[in-house]
Every structure is written in structure tokens, then in C-alpha cells.
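Open your viewer and get ready to pick out some charged side chains. We will go stop by stop.

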Amino acid sequence: MGKKLAVVLIIISLALSALCGRIIYLNLTKGNDYSIQVLSQRSFKSRTIPYKRGNIQDRNGNLLATSIMVYDLIIDSKIIMSNKDYFQPTVDAVTRYFDVDRAELEEGIKARAKNSYWVLKKNLEFKEIEQFEKYINGEFAKTDADEEEVNNTKGIWFEKKYKRKYPHKSLGCSVIGFANSENVASLGIEQSYQDVLCGVEGREFGYMDNANNMENVVKDAINGENVVSSIDINIQRVVQKAIKKYMKKYKPKRIAVVVADPNTGEILAMGDDLTFNLNKPYDLKPFMSEAKIDSMSDKAKSKKLNEIWKNFCVSDSYEPGSTFKPFTVAAGLEEGKITKHTNFSCDGHQHVGDFDIKCHNVSGHGTLDVKGAIAQSCNDSLMNIGFRLGNKLTSQYQSRFGFGAKTGIDLPNETRGLVYDSDEMDSATLATNSFGQNLTVNMVQMVAAFSSVINGGNYYEPHVVKQIVTEDDELVKSFSKTLVKQTCTEDTSAFIRECLREVVLSGTGTTAEIPGYTVGGKTGTAEKVDTSGNGTGRLEDQYILSFLGAVPCEKPEVVCYTLMDSPEGNTQATAYNTELWKAIMKQVLPYLGVDKTEKVEKKVKKKNLEKEFYSGGIIAGDDGSLVKKDKTLEE
């Protein structure tokens, strides 16, 4: 018997030890959760205190996104049905002050007689509940009967929460992004800075302690921090108005624009023609008929929304065309393969392997120096530079200028673009790469690389946020300019600026000139690639027109990059795109206080090449075409 008792005692002791260990473990790991659960079982009040998501501001403090307090109207049917005297006064009050159907309300309360939480109305602003609050506080009671009616209005309360609001609706939509009622963000700054903008919910408990005393415990919410962007709301407005105007005027398939500070990497404005109301991001009505929407599957709707929401300037890639030529020239100068005075002979084409790769001037430009080659956008001259560089150096400089890699911009879904490794680059690819064909880029890559090649060689990481600040505007973090690397020397940069100035003075970009300002830039015309998989690799009579320019050219303060896809009537009209660029910059430059520096310059009277066009064959690159000798090139 003694042995049996000893065994039982040991078993009980082990069980108690295990139980104690388990209790200690649960207390350490989940003690707070269980405390909340116990308190909630004893509570007369338990609610979440919402935090306020941080604001997004433009560089001048203008609100781009904020959160406003809203209220959900809650019905406690259990309380209302607990006393027959409560039902009618409560229904009368609710239907008097809110747009609610009486019959549906009465039926709903009765159907939820044991339910204490029924959300009747959502997202009411204070002005919509103000009169009811005054009524329930007795401000409208004039007689004893009125007071009795107020006292018998029970089971109605308001749950506070925050609703995201975008004061400027579609302005900067793809850059700002949006957040839903659960503070889950999509797109833009909202997504990239989700952790910064989000706060921590608070909690309030009301409960009876062991001595039946009423206790109240409040843990305050911690609001999110504010984000100050580099976007200038006024420049963004100029850009979007210009896009809208020129979409209507020339009816292209797409327009996109980026405006930036070349000396810091700050993006001042960014947008394309697909805009949406940030307050109603899921609304497809502005884009198609209701009948069409009703006929779409959820998958099709989601696909369409993603097309609308996508930030073209960051997430789409394309062949840059002749705007790429300054980088090839810069590489040639850096490596000593050419000098400022090197001359080239253009006869209208180059025979490379099995291909005749043409210049846009099929008759040939004759003899051109480097500056003339850029100004007249001569493919033949650029191919000569490409051949002198060779595969390895060409690939190295593409990487140095940031092509084929993400820029690091603080926006989601950036594409890398496509470039060739040196060992994959055949002679035709080397030739066409030299003038911006057979490689792809995104707009931010082009702006960042171009900024470096004109600002003295400093490659700054592009960004759309300047600072993180508290609710009280105390600085938390500053995102000053981040120098990533040196792409070229000041001497090379200075010469590239001279070349870009010549483009506007006497070359293909004369229509971009703005009186009083020294404009420098480069035009581009690239035939579009067929990405459907069903074509021959090129789309007939469809071109990406672009202009990448800076002002003032001798010491750039602003870079603007405009892109126009296949305008109706004349799909190769570079002048349409430079007209757009000029319309934007004529407003931006005075606004930013950029001084007029242009003196009266005697312009060289040369043929105004407003259009860079293709002729014949399968297109190989910007301003030219690729024809396989005796055979048709499939890709």
C-alpha cells in the first residue's frame, strides 16, 4: 500500500509540476491576451481606439492624403428590446435624423433581438451625426414628454474610426497611392511608407473589479508619422493638365511625364494619362459603361484596375531611341575612343554582318563632328562610336548609367528594363544599342542617368519623399540627396551639355526652344516593339516619341522628360512631343524662379528636322531601320 501511495504521489507531483510549468509558459507568452479575454468577460465596456494614419504632404506642406474622423452608427438591439418603452422612441429618433427606412429598421431590430452590435450606417461625418447628438443630450427637449422620449431612446451609439481622404482626388494618383479602411495600402507612397504612416491601435476597458468597483483602463492609440514628399502640387497640376490637353489634341495612345531636380534626384512631378480618383479607386465607371462593368468577371475587373493603377513612369519599359545617344557619346569620351573634334562620315547606312542599318537621313549627313552627330541625331556616327567602344565597354557603361537595374526609387513595382551582357551582344546589337534600340529602359532610369551626365557626373538616387515628421512637425528622418556613383567627369558633362544645346539651336529639337532660356535636350523616335508574341517584333507605324531636356543648359536646375506614344495623323511627329514639353516648362520655369539666361544667339540655318523617321525594311532602332540582306528578319 505504501508503494502504491508513493507512486500516486509522484504522479500527482509531476502533473502539478507540468501544470505549473504550462501556466508559467502561457503567462509569459500569452498572458496579455488572456488578461484581455478575462477582462472582456467582466467588462461593461471594451473598445478599440483607432490610430490616425499619417498625412502625406507635398514639398510645400500641402495635404495630398489625410485621415478624417468618421462614425459608424451602431444599433444595440438587445438593449432596445429589453424594454417595450424603448422601441418606438428609438426608431423615431433614428429615422428622424438619418436616412433610414422605418420598416427595415424595425424589422432589423426585431430580427437581432439578442444582438448587441449591428452596424446600421458607415462612415458618417460629424456634421451628419451632430443633430442626433444634440437631441440625445436633451438640447431639443422642451417638455417633460420630450425628456421622456429622449430618456427612452436607447441602444444607439457611434463607433469612431478614421477614413482616408485625398483632397485633390486624381492629382498625383499613381505616385501617392491609396489605403483602404483597414489601413492596407496599395501603390505609391502609401505602400512604400506603410510602416511609417501606420500607427498603433489603443484600447479602452471598463470592468468591475473583485470589490465591485468600476474600473476604467485606457491605452492611448499612437498615431502614424507624416510623410513630406518631393512632389510639388503645382507642378503636378501643370503636368496633368498638359497631359489631358495633348491627349485630346493629338490623340496618342499614351502620354507620360517626369519632372525632376537633376542636382538632388528629387522627383517634382510624375504622371501619365491614366488617372483615377483616389477616393474611389475601385470605380470603373469613368473608364467604361455600367453594362460593360456588369458583364466582366472579378478577374477581368481586377486586371483592368491594375492597368489603371500602374505607374507607367516606373513600371513600364520601352526602347528609348535617340535620347540614349548622349550616353554613348559620354562613354566614348570617357574611354578616349573619341574626342570633341572627332569627325564621322555618314553615307546613310552601315553594313553590319548580314544587315544594312540605316540612318534616318538615308541620303547621308556627310561629314559630322561629335556635336553635329548628336544635333542631327545621326545613327551612322553613333554606330561608329559603338564599334570603337566594343561589347565590353558598351555593357559596362550601360551598367554605370544604371540601365538594366532598378534605380532604387521609393515607389513599388519598378521594372529593371532589358540590356545585353557583353558576351550576348553581337555586332548588330552593339550597333543598334549605340542609338537606343534593342534595349529597354523606364522613365525614371532615363531621368536619373540623364541628370548625372549633365550635372557633372553625379548619379543621385531618385526619390519622391524628402522627410518623415511627427504630428507636431518634428523631424524624424530626412532623405537628403544620395550620391550613388560618378558616371562621367565634369569635362565630359560640360561637352554633353554643349551638344544638347546644339540639338535645340540647330538640330532635331528646335521646337523645344523657350525664349529667354537656354534649353538643352535630345529628341527620340523609337518604333514600338510587338509584345503580343504574334507579330514580327515591330509594330507598323507606331512610335514612342520623346524629349529629354534640361534648363538652363549651362547649369541645369530642372529636367523634364516627356513621352508620347503614336499620335494620330502623324505617328512620327517629334514636334508634337516637344510642343508638350515646351508647354509644361513654360509654366514650370517661372514658377520655380529659374532665371532667364539666354542671350541673343545667332542660330545656324539648317534643315529643321522636326521628325525623325524610318524608311523601309524591318526597323532596328531609333531613326533607322534594319534590313537583312536577301532575307526577311523575323525578329
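Which residues are linked with Arg53 in a network of salt bridges? Select Arg164 and Glu190: together with Arg53, they form that network. A salt bridge here is a side-chain nitrogen of Lys or Arg within 4 Å of a carboxyl oxygen of Asp or Glu. Side chains of opposite charge can pair when their charged atoms come close.

A word on what you are viewing: this is a predicted model, where local features need pLDDT of at least 70 and side-chain atom pairs count only at pLDDT 80 or more, while totals for chains, interfaces and linings use all residues. Residues are numbered from 1 along each chain as its sequence is written, and side-chain values use heavy atoms, with hydrogens and water left out.

Next, select Lys466 and Glu266, whose side chains form a salt bridge at 3.1 Å, N to O. Lys466 sits in strand 18 (residues 465–469) and Glu266 in the loop between strand 11 (254–260) and strand 12 (267–272), so this pair ties together parts that are 200 residues apart in sequence. Strands are DSSP runs (E, at least two residues), and helices are runs of H or I, at least four residues, both numbered from the N terminus. Glu266 is buried, at 8% relative accessible area; buried means under 20%, exposed over 50% and partly exposed in between, with a 1.4 Å probe and protein chains only.

Now move to helix 4 (residues 102–111), where Glu106 and Arg102 are four residues apart, about one helical turn. Their side chains meet in a salt bridge at 3.7 Å, N to O. Arg102 is partly exposed, at 34%.

Finally, select Glu490 and Arg497, another salt bridge, at 3.1 Å, N to O. Glu490 is partly exposed at 41%, whereas Arg497 is buried at 13%.
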